[in-house]
Amino acid sequence: MSLQLILFILFGTIAAVSSVLMITRTNALISALFLILNFAGLSGLYLTLNAQFIAVTQIIVYAGAIMVLFLFVIMLLKPEHEKYFSHQPKLKIFAFFIAFIVFIQLVFMILVSHPSQGNNANVAASVKSGTIEEIGKQLYTNYVLPFETAGYLLLAATIGAIVLAKKKFE
Amino acid sequence: MVQLIYLTTLLPLLGFLFNGLFGSKIKNEKIIGIIGSSTIGISFLIVVGAFFQTLSMPVDQRQTIVNLFTWIKVGNLDVNVSYQVDQLSLLMGLIVTGVGFIIHVYSIGYMHGDKGFGRFFAYLNLFIFAMMNLVLGSNFLLLFLGWEGVGLCSYLLIGFWYDRKFEKSTTSDAAKKAFIVNRIGDFGFLLGIFLIYLTFGSLNFNDVFARAASLNIPQYVFNFIALFLFIGAMGKSAQIPLYIWLPDAMAGPTPVSALIHAATMVTAGVYMVARCSIIYASAPAIMEFVAIIGALTAIFAASIALVQNDIKKVLAYSTVSQLGYMFLALGVGAFSAALFHVMTHAFFKALLFLGAGSVIHGMHDEQNIQNYGGLKKYMPKTYVTFLIASLAIAGIPPLSGFFSKDEILWSSYADGNIIYWLIGVVTALLTAFYMFRLVSLTFDGKERFGHDKHPHESPAVMTIPLIILAVLAAVGGFIGIPEIFSGEHGNQFDNWLEPIFQPAQAKIAMFGVHSSLEEIVLMVVTLVGVIGSIYAARYIYIKNIKPAEKLSKRFNGVYNLLLNKYYVDEIYDASVVTPIVKGSEIVLWKFADIKIIDGLINGVANLIEKISGSIRKIQTGVAQFYALIMMLGIVAALFWIILSL
Amino acid sequence: MSVPIEYYLILSGFMFLVGVAGVLTRRNAIIVFMSIELMLNSANLSLVTFSSYMGNSTGQLFVFFVMTVAAAEAAVGLAIILAMFRNKLTLNIDDINILKW
């Protein structure tokens with residue numbers, strides 16, 4: 001029972017349960033809060049995997065920026081509370097069934113392919129590679145082009161969002 | 001000059017293009033007329049030059065082939081555009097370009113003021129182009145090209161005044177009738193050509209005729225080839241049963257009737273049979289058939305001409321009858337006699353038609369001879385030339401018609417049957433009678449036209465051609481004086497053509513020798529009968545018409561039968577034309593086209609519409625539905641991956 | 001690493017399919033968007049797992065860019081929802097069916 005396993009079970013349960021709860025609530029605000037909880041669990045999982053930079057970024061970007069945006073929109077639009085199985089229940093049950101089938105298939109494929117055999121986990125290297133220095137070094141030497149392009153993408157998204165959400169011209 | 005013979009077809013073609021493209025823009029009739037006529041005039045001079053050049057060659061080397069270019073070269077079929085300049089084609093070429101030139105000049109005056117002046121000369125030039133190809137061609141394919149070409153020009157020119165009414169229908173109907181009936185004949189002709197290629201392996205005249213003379217080919221093949229070729233001749237040269245288009249072709253302008261339906265196109269069939277003489281000589285049964293058809297046509301058409309009242313109709317039936325004479329001559333083996341009659345008939349029949357045109361022109365488009373009478377003092381030149389032509393066609397010596405017709409009658413007695421001779425003589429008597437009925441009712445006697453008509457003589461551009469043709473009709477016969485008068489080998493015409501027909505004559509079994517006394521006796525008998533007919537006609541139609549009227553009343557049925565042309569057109573209409581038209585309408589149009597073909601196309605369209613109508617319901621517009629379908633796809637893909645693991 | 005890699009991967013797959021179920025069944029447009037974010041995060045988890053177990057940082061760099069794109073997409077998507085809401089005054093996806101046949 002190593003520490004990693006315990007932490008995995010803890011954070012994993014938080015992530016899984018909060019995700020299920022997120023999709024089943026009627027109140028949109030509650031759903032958003034559960035998603036934030038999910039992100040927190042994910043961040044913990046990243047820490048158990050020695051990915052420090054990603055864990056921090058997850059909290060800052062996702063939980064801090066994106067979810068705040070969602071919350072603003074929800075509170076702006078005040079959506080109605082919908083009953084879950086009120087409309088076309090047959091279709092929804094069919095959708096759950098399909099998702100379940102795919103889950104079984106994925107699990108089967110993962111287990112059949114035995115990824116942990118033959119690949120010894122490289123702990124030391126993974127510790128080193130998850131640090132922010134290493135990420136920074138890679139980002140500015142090998143991956144500088146995608147980095148700059150991501151900047152342009154964000155610029156375009158900003159302009160797009162402003163134009164789309166603007167009130168009409170008087 | 002012989003090598004330049006291709007100019008005789010090229011120049012008329014250029015004339016056609018020029019007058020056809022620019023004729024409506026050049027309003028000057030003189031220029032159009034001069035260009036149209038001079039192309040034919042130059043062609044005539046070239047043919048004359050080639051004629052004299054050939055005359056200076058030794059007798060057995062008189063055939064020259066002028067090769068222009070290769071036309072079709074596929075497998076074993078090797079056909080060139082090449083012209084064969086020999087005695088027969090030169091003779092036909094002289095007739096076509098000579099008489100053609102005279103008629104072109106005449107048309108300048110006749111068609112004066114017509115709004116289609118340029119178009120007329122363009123079509124006439126095109127006709128000469130096609131006809132020269134027909135007579136000069138050295139293979140069956142070029143001959144067939146000219147054959148079809150003259151048929152086309154006949155259609156274009158008969159329907160020239162396309163907005164005029166003609167009898168019970170329009171001129172276009174007459175043109176269509178000519179073309180369709182010709183087509184029926186052409187079908188037979190094509191079958192003949194196919195059979196020739198199949199049997200002899202070539203379409204070249206020299207090859208085919210050499211092989212026909214030497215190879216051992218079964219009799220029935222020759223019979224079929226000769227029969228099919230003759231069906232083509234029946235259509236083009238207006239024999240029974242395909243003569244019905246020629247009287248209707250009188251809907252066209254008179255120069256057209258003169259050129260195409262008297263002098264040249266209708267003799268194409270005679271030319272073709274003469275050219276293929278060796279094939280016919282090898283099929284005696286078909287030659288018999290040709291002679292029978294010729295004789296029957298001659299007397300049949302002459303009987304109809306007796307009672308017709310339209311001046312051009314009389315001449316049309318007369319043409320059919322004379323063509324019957326030519327085929328009678330061909331059928332009994334007198335090939336050069338037939339061609340002699342072609343030449344003299346071109347002279348006097350063209351003259352008759354042009355004279356009729358002059359009368360019609362002077363009487364302001366009145367064509368019924370019952371409304372003529374006493375015109376000889378208004379149109380003296382027309383009267384004299386018309387009279388000369390009528391004497392020629394009746395067979396009065398020393399005019400040309402006497403020599404040619406007499407030779408035919410003698411050949412039909414000597415080489416054929418006495419029945420042929422009898423039919424020929426009766427036809428000659430009828431010919432003399434109806435021709436002088438025509439002359440008497442038109443030019444002699446009392447004037448029967450109203451005072452609104454002011455008949456006048458035609459201008460010089462129309463009368464000079466008449467005079468030229470009259471001279472030719474008068475003296476043209478002297479080159480073919482029969483041997484009893486001119487001695488051994490004295491018949492220049494026969495001598496000229498002899499090398500062409502020598503292989504055929506060798507195959508025909510010649511019956512015994514007849515004495516010259518028999519020939520002179522028959523000649524005198526015919527002559528007496530003809531003179532008697534002429535006097536009878538003049539008496540009845542000038543002085544005392546009562547016998548004719550009494551005869552027509554007593555035999556009223558026969559009179560009506562003749563007047564209505566034996567109801568042949570009506571019989572054809574009821575038995576052939578109407579069933580085909582009705583059948584096409586009911587079976588082919590209403591059923592096959594509308595129900596089956598349209599139904600098929602519309603059915604396919606309907607099917608696609610129904611299928612797409614049901615498939616479109618998938619597009620619900622709700623994005624989640626699409627995502628669900630995508631998940632189904634992912635399920636399937638993952639199954640596939642799992643199964644392949 | 002004492003935790004076998006399969007555990008992380010199965011958790012990632014589970015979160016992904018929860019997101020799929022959310023997309024397919026919810027009618028509220030904003031919830032659908034959040035489910036899509038969930039799906040993206042599950043992919044991120046998978047990438048980081050592999051990066052950690054392989055010992056190089058390629059996966060984590062990829063996650064970096066995925067996060068960037070997710071942020072941009074969330075912004076634009078919410079702007080679209082705002083514009084749609086102004087036109088139709090409803091967030092119900094079933095009512096936004098202009099592309100229906």
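**Loop between helix 8 and helix 9, chain B.** I looked up Pro241(B) and found its place in the loop between helix 8 (219-236) and helix 9 (245-248) of chain B. Helices here are DSSP runs of H or I with at least four residues, strands are runs of E with at least two, and both are numbered from the N terminus. The peptide bond that joins Ile240(B) and Pro241(B) is cis, with omega at about 0°. Ala238(B) sits in the loop between helix 8 and helix 9 too. Its phi is positive, about 55°, although Ala238(B) is not a glycine. I also noted that Ala238(B) counts as buried at 0% relative accessibility (buried is under 20% relative accessible area, exposed over 50%, partly exposed in between, with a 1.4 Å probe and protein chains only).

**A note on the model.** This is a predicted model, where local features need pLDDT of at least 70, side-chain atom pairs count only at pLDDT 80 or more, and totals for chains, interfaces and linings use all residues. Residues are numbered from 1 along each chain as its sequence is written, chains are lettered from A and ligands numbered from 1 in the order in which they are written, and side-chain values use heavy atoms, with hydrogens and water left out.

**Other loops.** I found a cis peptide bond between Pro397(B) and Pro398(B), with omega about -5°. Pro398(B) is in the loop between helix 16 (380-394) and helix 17 (400-416) of chain B. Gly113(B) belongs to the loop between helix 3 (87-110) and helix 4 (117-136) of chain B, and is exposed at a relative accessible area of 59%. Gly113(B) and Glu29(B) are 84 residues apart in sequence, yet 8.4 Å apart in space, C-alpha to C-alpha. Asn50(A) has a positive phi near 65° without being a glycine, and counts as buried at 18% relative accessibility.

**Chain B overall.** I counted 26 helices and four strands in chain B. Of its 645 residues, 54% count as buried.

**Chain C against chain A.** The contact (heavy atoms within 4.5 Å) takes 67 residues from chain C and 84 residues from chain A. How many salt bridges are there between chain C and chain A? I found zero, taking a salt bridge as a side-chain nitrogen of Lys or Arg within 4 Å of a carboxyl oxygen of Asp or Glu. The elements that give two or more residues to the side of chain C that touches chain A are helix 1 (5-25), helix 2 (29-54) and helix 3 (58-88) of chain C. Helix 3 of chain C gives the most, with 24 residues.
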